[in-house]
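Here are my notes on this one, as promised.

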Amino acid sequence: MRLIRRISGFLWLTGALIITHLIARSIFPENNVAVDLLLFNSIGVMASVIAFNAPLHTDRISANSFGAAALVWSMGSFFSTWNSFFELQIPAAISDICYAIFYPLVFIAITRSFTQKRSMSALEVLDTVIIAVGLTSVLTAFVLKPAMVGLDGSAWQVFISILYPVGDIVLLSMVLVYLLLNPLSRRSIFLGLGLLSFATSDLFFIWGSLSATYEFGAITDDGWIIGLVLLSTSLLFSSPENKTSEKVSSYGATVALIASGCLLGVAALKPGYFPSFILIPGFITIALAFIRMSFALQEANTASNERVLARTDELTGLSNRRNFLLHLSEIRSGYIFLLDLDEFKEINDNMGHAAGDELLKQVANRFSRVTPASGQLARLGGDEFGLLAKVDQQEATELAQALLATLSYPISLLTGQVRVKVSIGYAPIDQDIDSVDCLRRADLAMYEAKRSGSGQRIWDGQIENIG
């Protein structure tokens, strides 16, 4: 509640500053420090404050990126405006760097706005950075050479000059993708209007500068700060969960990687075609891609291991009960076997749990030796095992006898040799019979085998009547 009141206060203050600035512009047509340096840039700072204080439902990377973007842009605007009023000049390169940093930060923020998640994985972080660094630098690099023919200045000055329109175009493209992939919401509306306002003012400024019609302190400059405020305000609203966010990040990173590879390829085939500084982001993008590949392989291995563990009995390495029941529900013919060790509890109590665990491992190995290649052997829990086999009745009887025979000789443990027997019940699997019923029939047959001491028993339809 306190956070809501604080953010509401920031919004009211920011709105009052915008209205005050617009009124002051109309009252004082001449440029002055209070209106153009202090009041104008304070609105950009307030946009940063709003973003940094966004609610917890907003992804913190997105909020902090928007906040940092608004802050560095306001710093660049402050430095460049300072030089218009005072003789003590701040190097223009400082404001240029601030403006240049703005674009990657906004790219990161928009990419993260595709999702409502409050945190992101290492892969998503790398994807976002690759998109921000790769796309911005590569698109600017390929426009740089032809632009140097018609623009005066050093390669760095030309690079900065074309970074702005390229950045604006990429921003508008990303917003278009965002609006297409997300349902219309208050967040998407504010985000779209904010970037449209900022990019329009930026492109108008560039066009005015090239045609020598731009006037410092024009009313169109307010599109920048209004855009920043709208962008920060978009963070106050939640967005619907979007399952395409990870795909967007992954595909965007792939495009950026391919573009960086093309950039370095052209540089290798035509040495000196690009200035050396423009190749640095390309190398960074490639390096980040290799790091991303390492993380992706690590996550894939982890996911694979987790999937194996989810369906495997940790002690014996056989399938677990969950996996066994899953296969039982899918099989359409064959036999289900339930195997329960006799007198295992006494061995476990007298010789210790370690000996009991070792016994179960060796029993599992012996059962595995006679299990058909197409069979599914599982430890169902404790000293109970299960087996699914696509066999006919004669083969099922022979398999039950083979399973009994595996325990006909002693098992050697560290604490000595032991003998253990098994009771086996088995029943046919019929696609017209529910898998639960098949399991129950095998279970009844197994208990009859244990009660009678016969070792193995097939369900014959009459065991249910045995009391």
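**Notes on the sheet, its helices and the salt bridges**

1. Strand 1 (residues 333-342) and strand 3 (residues 384-389) run antiparallel, and 6 bridges pair them. For the terms, pairing needs at least two DSSP bridges between two strands; helices (H or I, at least four residues) and strands (E, at least two) are DSSP runs, numbered from the N terminus.

2. Before going on, the ground rules. This is a predicted model, where local features need pLDDT of at least 70 and side-chain atom pairs count only at pLDDT 80 or more, while totals for chains, interfaces and linings use all residues. Residues are numbered from 1 along each chain as its sequence is written, and side-chain values use heavy atoms, with hydrogens and water left out.

3. Axes here are lines fitted to C-alpha atoms, for helices over the stretch in contact, and angles run from 0 to 180 degrees between N-to-C directions.

4. Have a look at helix 12 (residues 344-351) against helix 13 (residues 353-370): they pack at about 140 degrees, with axes 6 Å apart. The two are therefore oblique to each other (under 35 degrees is roughly parallel, over 145 roughly antiparallel, 65 to 115 roughly perpendicular, and the rest oblique). Helix 12 brings Phe344, Ile347, Asn348 and Met351 to the contact, and helix 13 brings His353, Ala355, Gly356, Leu359 and Leu360; contact means heavy atoms within 4.5 Å. By type, that is 6 nonpolar, 3 polar and no charged residues (Ala, Val, Leu, Ile, Met, Phe, Trp, Tyr, Cys and Pro count as nonpolar, Asp, Glu, Lys and Arg as charged, and the others, Gly among them, as polar).

5. On to charges: the whole structure has 10 salt bridges, meaning a side-chain nitrogen of Lys or Arg within 4 Å of a carboxyl oxygen of Asp or Glu. One of them joins Arg25 and Asp222, with the closest N and O atoms 2.5 Å apart. Arg25 sits in helix 1 (residues 2-27) and Asp222 in helix 8 (residues 222-234), so the pair ties together parts 197 residues apart in sequence. Arg25 counts as buried at 11% relative accessibility, and Asp222 is buried too, at 2% (buried is under 20% relative accessible area, exposed over 50%, partly exposed in between, with a 1.4 Å probe and protein chains only).

6. Lys345 is exposed at 57%, whereas Asp349 is partly exposed at 49%.

7. Last one: Arg457 bridges to Asp460, with the closest N and O atoms 3.1 Å apart. Salt bridges with shared partners join Glu448, Arg451, Arg457 and Asp460 into one network. Both Arg457, at 22%, and Asp460, at 41%, are partly exposed.
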